[in-house]
Amino acid sequence: MTNASWIVLAWLVVALASAVKFWSITGPYRRKTALSSETTVDQARQRLERRWRKDSKV
């Protein structure tokens with residue numbers, strides 16, 4: 001039989017690696033949203049409305 005702590009350690013390593021990978025994959029999105037957070041509410045609303053109209057035409 002194996003010690004249960006080794007299984008928990010393996011799962012922790014996998015969880016940590018997954019979190020690091022997720023963080024690196026979502027980096028460009030976070031940078032993009034950080035830049036767009038400087039926009040006004042009206043600009044954000046207009047951008048969402050354009051996307052909504054574009055998606056409804058498909």
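Where is L9 placed? In this predicted model, L9 sits in helix 1, which covers residues 4-25. The legends below go from the overall fold to single side chains.

**View A. The whole protein is helical in its assigned elements, with 3 helices and 0 strands.** Read from the N terminus, the order is α-α-α. Of the 58 residues, 5% count as buried.

**View B. W6, L9 and V13 make up a nonpolar surface patch.** Together, the three residues W6, L9 and V13 have about 340 Å² of accessible area. L9 belongs to helix 1. Its relative accessible area is 42%. L9 is therefore partly exposed, because that class lies between the 20% limit for buried and the 50% limit for exposed.

**View C. R30 lies over the face of W23.** The distance from R30 to the ring centre of W23 is 3.5 Å. R30 is part of helix 2, residues 27-36. Is R30 buried, partly exposed or exposed? R30 counts as partly exposed, because its relative accessibility is 28%.

**View D. The side chain of R30 also reaches the backbone of W23.** The atom reached is the backbone oxygen of W23, at 3.0 Å.

Definitions and conventions
Residues are numbered from 1 along each chain as its sequence is written. This is a predicted model: local features need pLDDT of at least 70, side-chain atom pairs count only at pLDDT 80 or more; totals for chains, interfaces and linings use all residues. Side-chain values use heavy atoms; hydrogens and water are left out. Helices (H or I, at least four residues) and strands (E, at least two) are DSSP runs, numbered from the N terminus. Buried means under 20% relative accessible area, exposed over 50%, partly exposed in between (1.4 Å probe, protein chains only). A charge sits over a ring if NZ of Lys or CZ of Arg is within 6 Å of the ring centre and within 35 degrees of the ring normal. Patches are made of residues with over 30% relative accessible area and no salt bridge: like charges are joined within 9 Å, nonpolar side chains (Val, Leu, Ile, Met, Phe, Trp, Tyr) within 5 Å. Accessible areas come from the Shrake-Rupley method with a 1.4 Å probe; for residues, only the protein chains shown count as cover. A salt bridge is a side-chain nitrogen of Lys or Arg within 4 Å of a carboxyl oxygen of Asp or Glu. A polar contact is a pair of N or O atoms within 3.5 Å; within protein, one must be able to donate a hydrogen and the other to accept it, and residues adjacent in sequence count only if both atoms are side-chain atoms.
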